[in-house]
Structure formats: C-alpha cells, structure tokens
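Keep the sequence and the model side by side as you read.

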Amino acid sequence: MTNLTYDVIVLGAGPVGENVADRIVQGGLTAAIVERELVGGECSYWACMPTKALLRSAAALRAARSLPGAREAVTGDLDAAAVLARRDAFASHWKDDGQVAWLESAGIALHRGHGRISGERVVEVTGDDGVVTVLAARHAVVVATGSGALVPDIAGLRAVSPWTSREAAAATTVPARLAIIGGGVVATEMATAYASLGSAVTVLARDGVLPQAEPFAGELVTAALRESGVAVRIGAEVASAHRDRDGTVHLTPVDGDRIEVDEVLVAIGRTPNTRDIGLDTVGLEPGSWLTVDDTLRVVDGGGWLYAAGDVNRRVLLTHQGKYQARAVGDVIVARAGGGIVEDGRWGRHAATADERAVPQVVFTDPEIASVGLTAAAAEAAGLRIRVVDHDLAAVAGSALHAEGYRGRARMVVDEDRRVIVGFTLAGPDVAELLHAATIAVVGEVPLDRLWHAVPAFPTVSEVWLRLLEAYGR
C-alpha cells in the first residue's frame, strides 16, 4: 500500500475535474486526480462531442438543401458510415492518450482506479490490479464524478438491455427502428440524429417535448421531427418491455398500440455517480446528490469537501460544470492561503450564474438556444415581467440564411429593473447567436443601453432591434 499527500484530491477526470485540478495547480498548490474510466469523461466520449458530431453532418446537408443553387449541387443521401467515422474521431476512438498527456503537461498527478473517501481528507484508490493507494489531502477533496443515465423501473425494461445516452453516442450501427423514451434534450437530439441516419424513430414523450423550455420551442421541434418522419407520441407512457429471440423489442404503452423496434433508448434523466465513493464514511448518504453552498463546498461536509458539476445538481451541463470548477479551484486556493474569499453575488468565488443565467443549446432542427429564465420560471420566481416575441423569419438576415426559414425569439424583461432575465431563440443555426444574450443577462444591461448595441445588417442578430422596437422606449 502506497501513501501519498497532495494539497487537493479530485475524484473524477472529466471536464469538471480537469478544470478544478488545473485551477489548483495554477494557484500554486499540488493536485491529484482519480479516474476509473477514461480521462476526459462523459463529454469527451459519450456526450457533448460525439453527439454533436452525429448531428452536424445532417445539419449541414439540411442547410445546403434550403438554398437554391446549393440545393441543386447536392446529390445522394447522408453517408451514415462516414458520419459514424467522424464521430469516432471526435471521441478520440475512445482512447484518452491525449487527455493524459495534457494532465502531465499541466503538472497534475493521475491515479487510475476506483476512488473512495475513507476518512477526513483521505481517498483510497483501488487499481485494476487490486493494489490500493492511499491519498491524503492537505486542504480539500473535490467530488466531480458526474452523473449517469436514469433507467426507470418499467417491467422488463432492464432485461431488454436498453440504450442510454452512452450507447446512443457510441453505436457502431444504425438500428432500422429506434424507440426513445423521453422528450428532453438527449431524446430530441438523438431522435434528430438517428432519423437523419436512416432509423425509423418513435419518441415516447410522456411529459411533452422539451418541457423545461419555452412552449414554442417544443412545438417547433415536435413539428420538425414529425416532418422528418419521426413518430412523436405526446403523453405516451411505457408499461412494459420485452425482447424476442430474434432481437425485436416490444414496448407496451399504458395507452395505445404496442411498438416494435430494434433498440430502445432511455433518456428521462440522470442520477448522481456517488453510490460507491465513500460518502457514508463522512456522514453523507451514498448515491445522493450533494448539496453545496455558492462556493461549491458541501453542506455538512466538514468544510474540506467540495462538489462540482452534475453531482451537486445545480445545473447538469458541461459548460456550467466547468464554470463551477474554475470557481471552486480558485476558492480552495484562496482559503488555503488565507486570502479573501469573494463569495458575494457575482463574486470571483461564487457560482452565481447557476441561479438565473444558464445558457443552453439543444442541437435539434431547429436549434433551441436559451439563457436565463423562461417566462414561466420568471413568474414563479416572483418577478414582474413582460414577454416580447418576434418572428425570427421576419428578419432580413434569416431570409438570406435559408429559404423557408422558421423560427422565433423571445425576450423576458424584468419590468422593475428593465433588464432582460431570459432569452430564447428557435431556428436554424441560432446557437452562435446565444452569447450576446448571455452577456446581456449576466451583465444586467439596461434596455436603454441595449438600444446603443446596433446589430449589423443584414444579419439574424437584427432580431435584437426588432425585440427592442416591440418593447418600446
């Protein structure tokens, strides 16, 4: 048994854990990172990068087919094999050599194996060979183990070996028939991807399509999915599942006809990867989400335990986890050195953006880009709001971008402060427009000042002017 000491130990080498460790080292402390799978985590191999690679080729083809001149130059259908090969490249063929090399260059120690907290600021790492290495932290342990797919207790479902987001992102073949249980981001993105690759897709959206977004976003995505041949069954709930000897999966809904498919993808939510990391040794419940304060320190965690990323359930998005990682890395350094902790609203060490300024893009057709609060969420928060909508297709830049452009923009204004607290765009290629809205929300830019932010003509960004005109001076 080997015993080693570092200033900070990080459980999990995904994007969040990597960023925590990097900030620690940049702050002059030592850091060790523990990983039982691939360095780079879910985003690199089974989520963000490979899934967007699956979606991008079809999006480019749709864009070309929406323009006269380009449309005539396009022949043939999407090459599924080429799309999968490109996906493989973006997943680094599920090898983490490059990520490991980066850790080494950054001065971060890597310990491969299963990490488990065994006491105050102590982590035991069990390698594949059974050898245990004991790591001690002088200042902090950070849990950044992420989350896994939630599989519901539906009769027979586990026995059919359903896909989760991992299998969908890494599939080597395209199933002829695919059912998707769920209607959220993963469900709609994978429905878009696999329909474009040739699958006959059925979406069973018990709670609707993109239920957390503005209602018009779900409506536009539902319409587009149906136009592409996807069967979208709103309100459908699966009662049971079984797989025949020939491989066919039979899904029996609570109401409606039975569905026969080759594979079924479960995309209804996430569960924290905290079941076997030793939380019980420090008085916390194994398998639970970790509650943290605004500096990401675990409540009732003894003052030395932190949690960043999915495990704290604040925001389950990679970019927001990395934002948290920067804050927690910096605050650990500050506390270790007796420095000033800036944990007030929008302070350097506070993850304030988690509350009301979270940006997100759903890479469906159309894309849904949003930041901050929906109108419903703003009202629930007690804000006195005004909602301003505009037809995105009525902007000159949209007409130039694509024939038959369909989209919509919504601005949610806090009337008491006259600042934007929510912004949603739905339309082709709106993802790259989102950051302007994010800056407006985070910066709490007064509407009177936004009139001086003149959008270039003819771009789709002219929608900002149209929204302000609709609001009035």
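What covers the buried residues of α10? The cover includes β1 (2-11), α1 (15-26), β6 (132-143), β16 (305-307), α11 (353-356) and β17 (359-362). This is a predicted model, in which local features need pLDDT of at least 70 and side-chain atom pairs count only at pLDDT 80 or more, while totals for chains, interfaces and linings use all residues. Residues are numbered from 1 along each chain as its sequence is written, and side-chain values use heavy atoms, with hydrogens and water left out.

Some terms come first. Helices (H or I, at least four residues) and strands (E, at least two) are DSSP runs, numbered from the N terminus. Buried means under 20% relative accessible area, exposed means over 50%, and partly exposed lies in between (1.4 Å probe, protein chains only). Contact means heavy atoms within 4.5 Å.

Stay with helix α10, residues 318-336. Its 19 residues should span 27 Å at 1.5 Å a residue, and its end C-alpha atoms are 27 Å apart, so the two values agree. The expected span is 1.5 Å times one less than the number of residues. The buried residues of α10 are Q320, G321, Q324, A325, A327, V328, G329, D330, V331, I332, V333 and A334. After the helix comes G338, with a positive phi near 70°.

Take V143 as an example. Leaving out residues up to four places away in sequence, V143 touches L11, I117, I277, L290, L305, Y306, A307, A308 and V311. In soluble globular proteins, nonpolar side chains tend to be buried together.

Now turn to helix α16, residues 463-471, where V463 sits. V463 has a relative accessible area of 1%, so V463 counts as buried. Neighbours within four places in sequence aside, V463 is in contact with H390, L392, V395, A409 and L425. V463 and D391 are 72 residues apart in sequence, yet their C-alpha atoms are 8.5 Å apart in space.

Next, the second largest pocket. On a 1 Å grid over the protein atoms alone, a pocket is an open set of points with protein on both sides within 12 Å along at least five of seven lines; lining residues have an atom within 4 Å of a point. The volume of this pocket is about 270 Å³. Volume here is the space filled by probe spheres set on the points, with grid points joined across faces, edges and corners. The lining has 13 residues, of which A58, R62, A195, S196 and S228 lie nearest the centre. At least two lining residues come from each of α3 (48-65), α8 (185-196) and α9 (215-227). α3 gives the most, with 4 residues. The lining divides into 6 nonpolar, 3 polar and 4 charged residues. Ala, Val, Leu, Ile, Met, Phe, Trp, Tyr, Cys and Pro count as nonpolar, Asp, Glu, Lys and Arg as charged, and the others, Gly among them, as polar.

The backbone has some features to check. Most residues other than glycine have a negative phi, and most peptide bonds are trans. A cis bond joins D365 and P366, with omega about 0°. P366 is in the loop between β17 and β18 (367-372). The bond from F457 to P458 is also cis, with omega near -5°. P458 lies in the loop between α15 (447-450) and α16. R418 is not a glycine, but its phi is positive, about 55°. R418 lies in the loop between β20 (408-414) and β21 (419-427), and counts as partly exposed at 27% relative accessibility. D429 has a positive phi near 60°. D429 belongs to the loop between β21 and α14 (434-442), and is partly exposed, with a relative accessible area of 33%.

Note on methods
On a 1 Å grid over the protein atoms alone, a cavity is a set of points where a 1.4 Å probe fits but cannot get out, and a pocket is an open set with protein on both sides within 12 Å along at least five of seven lines; lining residues have an atom within 4 Å of a point.
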